[in-house]
Amino acid sequence: MSNPAQLKAEADALIARGKALIATDLPQATDLLNQAVRLYWAAGEYYSAAAQTGNYGWALRRMGRPDLARPYLARAAEIFADLGLADFAERHRAAAEDIAADLTPEFLASLPPAVRQALEQGDGALLQFAINTLPTDQQQMVIDRLSAIGLISLAESAEDANHAVQQFEPLLQAIVAVARGDESERPDVERALDDLERKGWRIRKAVRQIWQGERRRQRLTYGLDEVDTAIVHRILDLLNAP
């Protein structure tokens, strides 16, 4: 029987094949997506199931097929909502309802190359990294433009991040205690991190890196979404406190 890591790897490979086929063989690309999503569910990778379902919807919108995109965006919104990621849920729900503007070729051409590439690939983690590496003035311009078309939602992202930090504060305090040498709570913390990973959060790797001594924020948060990033920042802030 395949373990979760193997199932995820198989699903990721199917997604990659589907991306290569979406422009030339839409039925086959759709079948590959459906196979991948089933594997993500079997592996407990609910965030990946939501993200890849949503990415497929965004890709269809960019191809000028909002009619086909709508059910995928709506389904992604449902899964994100179940995971407690309200910002992601609302973004996809808005797109499914045709509130968000299309990513037209003209709009994409007006963006910095790295940001444009991330949007064309439907890769949220790459988009976050691309924005983070821009000069400050360009960052704000890109954020404002993506927010204006409904692709990102700053206010709700901040609200979600603050809520997650408050919700997990006791766990974050325990993580910090382990980082400072108190191993008594480590088994309980490990179990909690595993449970969060199954539910879609992606902080376990960063926490283990922190326990190993890593303190560089950009390295620890690379590839994380807004909520996971806020949680990691809070851990580091607690570690830096007297």
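## Starting with handedness

A crossing is left-handed if the near helix is turned anticlockwise from the far one by less than a right angle, and right-handed if clockwise. Helices here are DSSP runs (H or I, at least four residues), numbered from the N terminus.

This is a predicted model, where local features need pLDDT of at least 70, side-chain atom pairs count only at pLDDT 80 or more, and totals for chains, interfaces and linings use all residues. Residues are numbered from 1 along each chain as its sequence is written, and side-chain values use heavy atoms, with hydrogens and water left out.

## H13 and its two partners

Let's begin with helix H13 (residues 204–211) and helix H15 (residues 226–240), whose axes come within 10 Å and cross at roughly 20°. Axes are lines fitted to C-alpha atoms, for helices over the stretch in contact, and angles run from 0 to 180 degrees between N-to-C directions. H13 is therefore roughly parallel to H15 (the term covers angles under 35 degrees). The crossing of these two is right-handed. Ala-206, Val-207 and Ile-210 of H13 meet Val-232, Ile-235, Leu-236 and Leu-239 of H15, where contact means heavy atoms within 4.5 Å. By class, this contact has seven nonpolar, no polar and no charged residues. Ala, Val, Leu, Ile, Met, Phe, Trp, Tyr, Cys and Pro count as nonpolar, Asp, Glu, Lys and Arg as charged, and the others, Gly among them, as polar.

H13 also packs with helix H11 (residues 169–179), at an angle of about 30° and with the axes 9 Å apart. Their crossing is right-handed. Here Val-207, Ile-210 and Trp-211 of H13 meet Ile-175, Val-178 and Ala-179 of H11, giving six nonpolar, no polar and no charged residues.

## H1 against H2

Now look at helix H1 (residues 4–21) and helix H2 (residues 26–43), which pack at about 165° with their axes 8 Å apart. That angle makes H1 roughly antiparallel to H2 (over 145 degrees). Their contact has 15 nonpolar, three polar and four charged residues, and H1 passes H2 in a left-handed crossing.

## A pocket to explore

Which residues lie nearest the centre of the second largest pocket? They are Lys-19, Ile-22, Asn-55, Tyr-56 and Ala-59, out of 16 lining residues. A pocket is an open set of points on a 1 Å grid over the protein atoms alone, where a 1.4 Å probe fits, with protein on both sides within 12 Å along at least five of seven lines; lining residues have an atom within 4 Å of a point.

The volume of this pocket is about 230 Å³, meaning the space filled by probe spheres set on the points, which are joined across faces, edges and corners. Helix H3 (46–62) is among the elements that give two or more residues to the lining, and H3 gives the most, with five. The lining divides into nine nonpolar, four polar and three charged residues.

Terms used: Parallel < 35°, antiparallel > 145°, perpendicular 65-115°, else oblique.
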